[in-house]
Amino acid sequence: MKIFYSETHRRHEPPFEVFDGGLRVPYLENPDRMDKILTALRTVNWADIHTPTDFGLDPILAVHDKEYLDFLASAWTEWLATAPQDSSTLLPATFALRRHPHKPKSLLGRAGYYMMDLSACIVEGTYQASLTSANCALSAAESVVSGQRSAFALCRPPGHHAGKDYAGGYCFINNAAVAANLLSQKGSVAVLDVDYHCGNGTQDIFYDRADVLTISIHADPDYEYPSYIGFADERGEGRGLGYHHNFPLPAGTDDTAYLETLGQALQKIREFKPAYLVVSAGMDIYADDPLGRIKVTTEGIGEIAKSIADLDLPTVIIMEGGYANAALGKNILAFLSAFV
Ligand code: SP5
Ligand code: ZN
């Protein structure tokens with residue numbers, strides 16, 4: 001299997017994030033995650049690891065707002081220019097509710113406008129790492145268009161919380177959306193998001209489109225991040241009405257219950273008959289994940305992947321979350337093995 005990966009992700013290493021209650025904790029979305037996965041991939045004979053191709057900004061601007069991308073590009077330089085007392089990471093303390101039309105001019109004003117929470121910390125290498133991560137997704141999409149049955153984009157930072165014009169949840173550029181949009185120029189696409197958290201950014205980007213079916217299976221936003229989006233009654237809008245589905249799950253969902261819900265999601269994909277499939281593969285559904293409250297085992301992850309592979313579609317697999325670093329290697333091998 002072709003796997004796209006770059007060392008550039010190491011340039012994005014925020015020193016901390018802020019949890020509920022204002023608790024500063026070490027950044028959970030850390031470079032060690034990739035090291036654990038790479039170590040596991042080196043133990044198998046089918047992992048064919050490649051450096052991504054640079055696709056330039058056009059395929060990224062096809063799903064993201066230009067002013068938002070400009071903000072990501074210049075935020076760090078602007079931040080240092082303000083001579084902040086603690087310059088370790090750019091995090092705003094004020095957030096836009098977006099109930100008023102004004103876009104602010106100041107850096108911190110824009111940060112609060114373009115950021116959803118206190119986990120999308122910007123540091124010097126964030127923009128470059130995010131661009132390279134998107135190029136991993138685009139390269140995987142390109143290889144599937146060229147006839148590969150599947151490809152894996154080992155993306156870091158992840159992407160599925162990033163919307164058209166906002167960052168959030170460790171995500172800056174929506175890798176799955178960028179890949180899905182590229183594929184949509186060749187045929188219809190289904191995006192299936194099995195990360196523990198709702199793929200709110202992907203939902204936002206394709207909400208009014210009928211050529212890209214988006215489905216997210218995730219922890220119910222009534223008890224879990226991102227709290228304001230991801231409910232079952234959100235079905236798309238305009239031409240996209242009926243082309244988005246959320247499957248919120250209760251805390252404690254086990255392998256059997258998860259697989260049953262997955263079956264319903266896969267049925268929607270079969271009915272849609274897409275030419276391509278993009279999977280947002282977060283491993284935070286794993287039982288021991290420090291952020292998760294869903295109880296899927298490594299064997300369950302393998303079963304999930306087998307059910308998805310049974311769709312028999314050209315499939316781009318995109319790395320999203322997963323923070324039980326010690327188990328990431330075995331969980332990714334369990335997932336990818338279904339497609340080999
Ligand atoms: C890509 C991805 O998986 N992003 C997830 C971002 C989640 N941020 C959640 C912050 C809420 C933290 N609540 C901590 C509870 C720990 N017991
Ligand atoms: Zn997640």
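Let me start with a term we'll need: a disulfide is a pair of cysteine sulfur atoms within 2.5 Å. In general, it is a covalent bond between the sulfur atoms of two cysteines.

Now, hello everyone, and a quick heads-up: what you see here is a predicted model.

Let's look at why, with two of the cysteines. Take Cys198: the closest cysteine sulfur belongs to Cys171, and because it is 11 Å from the sulfur of Cys198, that is too far for a bond.

Let's move on to ligand 1. Where does it sit? The space it takes is the largest pocket. Around ligand 1 there are 13 residues, and the closest are Asp20, Gly169, His197, Asp284 and Tyr323. Sorted by class, that shell has 5 nonpolar, 5 polar and 3 charged residues.

Let me walk you through three of those neighbours. In Asp20, an N or O atom of the side chain is 2.8 Å from a nitrogen atom of ligand 1. Gly169 uses its backbone instead: one of its backbone N or O atoms lies 3.0 Å from a ligand nitrogen. With His197, a side-chain N or O atom is 3.2 Å from an oxygen atom of ligand 1. On its own, ligand 1 has 510 Å² of accessible area, and the protein covers 79% of that.

Note on methods: Residues numbered from 1 in each chain as written. Chains lettered and ligands numbered in written order. Predicted model: local features only at pLDDT ≥ 70, side-chain atom pairs only at ≥ 80, totals over all residues. Heavy atoms only, no water. Near = heavy atom within 4 Å. Polar contact = N/O pair within 3.5 Å; in protein donor to acceptor, adjacent residues only side chain to side chain. Areas by Shrake-Rupley, 256 points an atom, 1.4 Å probe, with all protein chains shown as cover. 1 Å grid on protein atoms, 1.4 Å probe; cavity = no way out; pocket = protein on both sides within 12 Å on 5 of 7 lines; lining within 4 Å. Sits in = over half its atoms within 2 Å of the grid points. Nonpolar A, V, L, I, M, F, W, Y, C, P; charged D, E, K, R; others polar.
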